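Please examine the sequence and coordinates shown here before reading on.

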Amino acid sequence: MDKYKVTHRLLRQSIKSLVNRQLTSNNPIYRFISALPLGNGGRNPQLYRSFGSLATKVERNPSFSSLNSDDLSYFKGVLGEKNVVQDEDRLETANIDWMHKYKGFSKLLLLPRNTEEVSKILEYCNSRRLAVVPQGGNTGLVGGSVPVFDEVIINVGSMNKIIAFDKVSGILVCEAGCILENLISYLDNQGFVMPLDLGAKGSCQIGGNVSTNAGGLRFVRYGSLHGNVLGLEAVLANGDVLDMLGTLRKDNTGYDLKHLFIGSEGSLGIVTKVSILTPPKLSSVNIAFLACEDYLSCQKLLSEAKRKLGEILSAFEFLDSHAMDLVLNHLEGVRNPLSSAVHNFYLLIETTGSDESYDKEKLEAFLLHSMESGLISDGVLAQDINQASSFWRIREGVPEALMRAGPVYKYDLSLPVEKMYSLVEEMRARLGQSANVVGYGHLGDGNLHLNVSAPRYDDTILAQIEPYVYEWTSKHRGSISAEHGLGLMKANEIFYSKSHGTVQLMASIKKLLDPNGILNPYKVLPSLPPLLQLSSWTLFLTVDILIIACG
Ligand code: FAD
Ligand code: MLT
Ligand code: ZN
């Protein structure tokens, strides 16, 4: 699928919807564009708001240079031959994202070994106007980690050392290329836990996690990386190294700039080191796998769990029967731990505490009460670590099962819990037999993963989903990206969740830190100028004519 190519048909649709809808100043896209200085060839800014999310065309920024042999010699001089990768197979992997949905055409992958090397190569790229894309484990789900055109890929995977760990405070300082799973194992041996865990832990890097502000499976207990990351080191586009690698829990000396880099998806700098607060490992972990027959019961169970399990609750995840079917049909060795009866919803509840008998008693009492009151129709408590892992495999395996099932349209939404599943049902009704609509996610955090699994990537299906999903989310005051980021996929949709003033300020910060725009271009922020160019005068004339014709 080439999502960012505009077909004539979709363009016609956009024009039609432009004419049908009133141009109101309440529309966020309109508000942003109307605030732009009128330098766009004198075109009426009101016309631009119609393209919505369907017509996301990206054009290569002509101010960027192309690689030449002098550039390669420079990089080889700094990094050594073997860290300047031109091998086609390795580039092929680095050019394609995890979903095989976004593909770039980079001819170069650079593997710096320390901050100084990152600094030198960025300084050089900036002076040469060579665009770059920072890449970690390349497990991102929004097309943010791969080039769009010929950007140079920079991967700090060789920077994977643990620098320090303080057993008293639980503060870990490490390089950004550390694989999350390695950090989890390291901490486990030290008697601590990583406050972040997610299905891609075997490949994703902590630098990528911080840059996406990844949420994951234990967010309900440990909260956001904005809270757990105590400091970081980042290299700016011009090669300047910003040392913000503090290890203090409290530090109110002015603006806390590290937060700019947490979740900025490689658009403001390359994260090279991180310090992170890790909680001690507690001895008693219990996991229950439960079934509910309706979504209201899932909601009620969540409220009950927060009240009754409060301090020991460490995960509250859900998947619907469509997600369960996918896992059972596409992943080897996975079986439903509950009776063969089909249930509509499945929940995974984990508790983590320090008193085995007290915690178990508490969880069992909660489950018994929920069973008696009819909130859960079936359930099982893991008896050992193998059973616990098999429960987690079901939930963590959903993205992989979806991938195996074929093309998938992914949406990662924050919504009020009580509204969340109505969107899944509405989408099912909208799409009918043409696709399988699947709902799962981090219920405890109000984070829905709405996935549409389709036989092929198809503009007709996409037009049924977007902008409907974004409009619905915006109407219910949700966020169009709960945890995956905006990447390329949603850069132009930012207005559904952010006001035009906020986006303007973001753009100013980007301009200040990366004046040439070399860092991860076309991602995160809307690429309005190319978007505006997409249509040429023909489109504007057509729209003008239609508007005039329709009065
Ligand atoms: P990449 O995918 O390589 O990059 C992601 C973004 O970060 C890109 O914009 C890239 O440019 C930037 N970046 C990477 N490294 C750096 C760096 N050192 N400095 C600056 N920018 C950088 N996400 C969640 O939030 N919660 C989940 O539960 C979750 N589960 C997942 C399960 C599966 C099976 C998969 C495939 C993905 C999942 N994800 C989840 C999405 C993804 O794993 C996370 O976004 C992860 O944090 C990305 O890390 P990465 O190292 O792979 O980064
Ligand atoms: C998850 O929670 O499983 C991840 O965020 C990946 C996904 O959304 O598919
Ligand atoms: Zn998730």
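## Ligand 1

A polar backbone atom of G216 is 3.3 Å from a nitrogen atom of ligand 1, a polar contact being a pair of N or O atoms within 3.5 Å; within protein, one must be able to donate a hydrogen and the other to accept it, and residues adjacent in sequence count only if both atoms are side-chain atoms. Oxygen atoms of ligand 1 also approach the backbone: one lies 2.5 Å from an N or O atom of P134, and one lies 2.8 Å from an N or O atom of N138. On its own, ligand 1 exposes 960 Å², of which the protein buries 96% (accessible areas by the Shrake-Rupley method with a 1.4 Å probe; for residues, only the protein chains shown count as cover).

β3, α7 (206-212) and β9 (270-277) are the elements that give two or more residues to the shell around ligand 1; helices (H or I, at least four residues) and strands (E, at least two) are DSSP runs, numbered from the N terminus. The greatest contribution is that of α7, with 5 residues. In total, 35 residues surround ligand 1, and the closest are P134, G136, G137, T139 and G140; a residue is near a molecule or strand if one of its heavy atoms lies within 4 Å of it. By class, the shell holds 11 nonpolar, 22 polar and 2 charged residues (Ala, Val, Leu, Ile, Met, Phe, Trp, Tyr, Cys and Pro count as nonpolar, Asp, Glu, Lys and Arg as charged, and the others, Gly among them, as polar).

## Ligand 2

The accessible area of ligand 2 on its own is 260 Å², and the protein covers 86% of it.

## An open sheet

Four strands form an open sheet with mixed pairing, in the order β1-β2-β4-β3; two strands pair if DSSP finds at least two bridges between them. Because β1 (84-85) and β3 (132-135) are at the edges and each has a single partner strand, one side of each lacks a neighbour in the sheet. β1 and β2 (residues 109-110) run antiparallel and are joined by 2 bridges, with V84 opposite L110.

## Backbone details

Within the loop between α4 (88-95) and β2 lies H100, a residue other than glycine whose phi is positive, near 60 degrees. A cis peptide bond with omega of about 5 degrees joins E466 and P467. P467 is placed in the loop between α17 (459-465) and α18 (468-475).

## Confidence and conventions

The chain has a mean pLDDT of 88, with 85% of its residues at 70 or more; pLDDT is the predictor's confidence in each residue, from 0 to 100. Two stretches have pLDDT below 50: residues 1-55, with 106 contacts beyond near neighbours in sequence, and residues 530-551, with 34 such contacts. A contact means heavy atoms within 4.5 Å. Where pLDDT is low, predicted coordinates should not be read in detail.

Residues are numbered from 1 along each chain as its sequence is written, while chains are lettered from A and ligands numbered from 1 in the order in which they are written. In this predicted model, local features need pLDDT of at least 70, side-chain atom pairs count only at pLDDT 80 or more, and totals for chains, interfaces and linings use all residues; side-chain values use heavy atoms, with hydrogens and water left out.
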